[in-house]
Amino acid sequence: MTNVPLLDLKAQFAQIRSEVMPVIEQVCASQRFILGDHVLGLEAEVARYCASSAGIGVSSGTDALLLALMALGVGAGDEIITTPFTFFATAGTIARLGARPVFCDIDPATFNLSPKAVQDFVDRQCTVRGGRLINHATGGRIKGLMPVHLYGQSADMDPLMAIAEGHGLKVIEDAAQAIGTEYRGVRVGSIGDIGCFSFFPSKNLGAFGDAGLVTTNDADLAESMRVLRVHGGKPKYFHSVIGGNFRIDELQAAVLRVKLKYLDGWTEARQRNAAFYDAAFAAAGLADRLETPQAAKNGRHIFNQYVVRVQNRDALKEFLAKRSIGTEIYYPVPLHLQKCFAYLNHAAGDFPESERAAQETLALPIYPELDQVQLDAVVASIAEFYA
């Protein structure tokens with residue numbers, strides 16, 4: 001039986017060990033662990049990679065979102081429109097600041113925030129008062145949009161940006177799973193006001209622990225986020241604003257600079273694996289049982305995950321586990337049905353596409369180092385299940 005883990009970071013480390021270990025030794029020898037030269041280098045390199053004028057390294061993808069919201073002055077009385085089908089941090093950071101996450105449903109083809117759903121919400125439930133967009137059901141001010149580029153594919157940004165620009169809303173791109181993703185030839189993270197990236201170890205560009213980064217083309221926002229990530233102090237020990245400890249570690253920055261050189265090659269390998277799956281599942285006659293990802297023709301999907309819609313999802317997951325094939329469900333409970341958001345007064349059926357995705361989707365192994373035997377085993381096992 002062929003073992004196919006969902007992700008094998010040991011295989012990746014074996015490829016880069018000879019480059020990673022010396023830079024770790026270098027940082028240890030320098031004993032400069034906070035905001036050193038590797039942080040500055042990584043910030044410049046990732047900003048350039050993401051077609052942005054500024055990059056600010058932070059402690060995690062979650063803190064990237066939190067810092068972005070803080071820099072935009074989001075707080076009590078404000079509301080941010082986002083998707084309920086995403087990792088918890090998307091809405092969790094909004095709520096942590098005393099603001100209210102406002103959910104709109106997803107596009108069933110891409111699993112990303114639906115511009116139509118957002119426009120319908122604005123038309124149906126909002127009014128303009130004093131130049132501000134007000135949710136007349138809550139009295140809260142709609143201050144921004146937070147689209148998520150889920151699984152490595154961009155949200156449909158043009159209509160979302162048009163809605164934002166039409167109502168003076170800020171746009172924070174949750175690009176935690178999407179470094180290198182493109183929308184109509186433009187890198188995500190450079191489209192809205194601020195882009196937020198995660199370098200959690202399982203990401204396409206993963207650190208050796210928690211790390212993240214924010215991007216922006218607004219010099220004032222960049223400066224604000226640099227100050228906020230060090231408790232709001234500028235100069236040191238003088239505080240005109242209250243920030244937090246959101247700094248990226250020098251060790252993580254050093255590792256990420258090595259890995260960044262390999263990122264495009266790893267992405268191409270993920271894309272090849274995805275293309276193989278697409279063709280192999282079609283050849284196996286599984287079209288009526290399994291729906292492969294619908295990558296937009298005018299974008300660059302980096303396949304942080306390869307997520308399929310399937311019939312009898314939970315039984316398939318169990319079947320594959322017994323054959324040593326790793327899978328994962330991203331995400332089993334949409335955010336509007338999470339207990340901690342009960343105060344938002346949502347119920348099952350409010351966002352049917354998000355709920356359906358939570359019941360039908362399954363992520364398959366897609367990491368770059370998969371060999372052909374492993375890829376074949378995944379396809380053969382799924383075909384066996386449905387046979």
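Colleague: At what angle do the axes of helix α3 and helix α4 cross?

Modeller: The axes of helix α3 (residues 61–71) and helix α4 (residues 89–96) cross at roughly 40 degrees and come within 9 Å. Axes are fitted to C-alpha atoms over the stretch in contact, with angles from 0 to 180 degrees between N-to-C directions. Helices (H or I, at least four residues) and strands (E, at least two) are DSSP runs, numbered from the N terminus.

Colleague: What should I know about the model itself?

Modeller: This is a predicted model, in which local features need pLDDT of at least 70 and side-chain atom pairs count only at pLDDT 80 or more, while totals for chains, interfaces and linings use all residues. Residues are numbered from 1 along each chain as its sequence is written, and side-chain values use heavy atoms, with hydrogens and water left out.

Colleague: Back to the helices. How are α3 and α4 oriented to each other?

Modeller: The helices α3 and α4 are therefore oblique to each other; under 35 degrees would be roughly parallel, over 145 roughly antiparallel and 65 to 115 roughly perpendicular, with the rest oblique.

Colleague: Which residues of α3 and α4 meet?

Modeller: From α3 they are Thr62, Leu65, Leu66 and Leu69, and from α4 they are Ala89, Thr90, Thr93, Ile94 and Arg96. Contact means heavy atoms within 4.5 Å. By class, this contact of α3 with α4 has 5 nonpolar, 3 polar and 1 charged residues. Ala, Val, Leu, Ile, Met, Phe, Trp, Tyr, Cys and Pro count as nonpolar, Asp, Glu, Lys and Arg as charged, and the others, Gly among them, as polar.

Colleague: And α10 with α12: at what angle do they pack?

Modeller: Helix α10 (residues 313–322) and helix α12 (residues 372–386) pack at an angle of about 130 degrees, and their axes are 10 Å apart. As a pair, α10 and α12 are therefore oblique to each other. On the α10 side the contact is made by Ala315, Leu316, Phe319 and Leu320, and on the α12 side by Ser381, Ile382, Glu384, Phe385 and Tyr386. The contact of α10 with α12 comprises 7 nonpolar, 1 polar and 1 charged residues.

Colleague: Changing topic: how much space lies in the largest pocket?

Modeller: The largest pocket holds about 560 Å³ of space. It is lined by 33 residues, and those closest to its centre are Gln177, Phe200, Ser202, Lys203 and Gln305. On a 1 Å grid over the protein atoms alone, a pocket is an open set of points with protein on both sides within 12 Å along at least five of seven lines, a cavity is a set where a 1.4 Å probe fits but cannot get out, and lining residues have an atom within 4 Å of a point. Points are joined across faces, edges and corners, and a volume is the space filled by probe spheres set on them.

Colleague: Which elements give two or more residues to that lining?

Modeller: For the largest pocket, they are α3, α4 and β15 (361–364). The largest share, 3 residues, comes from α3. The lining of the largest pocket has 18 nonpolar, 11 polar and 4 charged residues.

Colleague: What about the second largest pocket?

Modeller: About 380 Å³ of space lies in the second largest pocket. Of its 21 lining residues, Phe103, Cys104, Phe121, Arg124 and Phe351 are the closest to its centre. The elements that give two or more residues are β3 (100–103) and α5 (115–125), and α5 gives the most, with 6 residues. By class, the lining of the second largest pocket has 9 nonpolar, 6 polar and 6 charged residues.

Colleague: How many cavities of 30 Å³ or more does the structure hold?

Modeller: The structure holds 4 of them. The largest cavity contains about 80 Å³ of space. Its lining is made of 13 residues, with Phe111, Tyr151, Gln153, Pro293 and His301 nearest its centre. That lining divides into 8 nonpolar, 5 polar and no charged residues.

Colleague: Which residues line the second largest cavity?

Modeller: They are Leu7, Asp8, Leu9, Gln12, Ser202, Lys203, Asn204, Arg270, Tyr367, Pro368 and Glu369. The volume of the second largest cavity is about 50 Å³, and its lining divides into 4 nonpolar, 3 polar and 4 charged residues.

Colleague: Last topic, the backbone. Where is Pro235?

Modeller: Pro235 is in the loop between α7 (219–228) and α8 (250–260). The peptide bond from Lys234 to Pro235 is cis, with omega near -10 degrees. His231 is also placed in the loop between α7 and α8, and although not a glycine, His231 has a positive phi of about 65 degrees.

Colleague: What joins Tyr330 and Tyr331?

Modeller: A cis peptide bond joins them, with omega about 20 degrees. Tyr331 is found in the loop between α10 and α11 (352–360). In general, most peptide bonds are trans, and most residues other than glycine have a negative phi.
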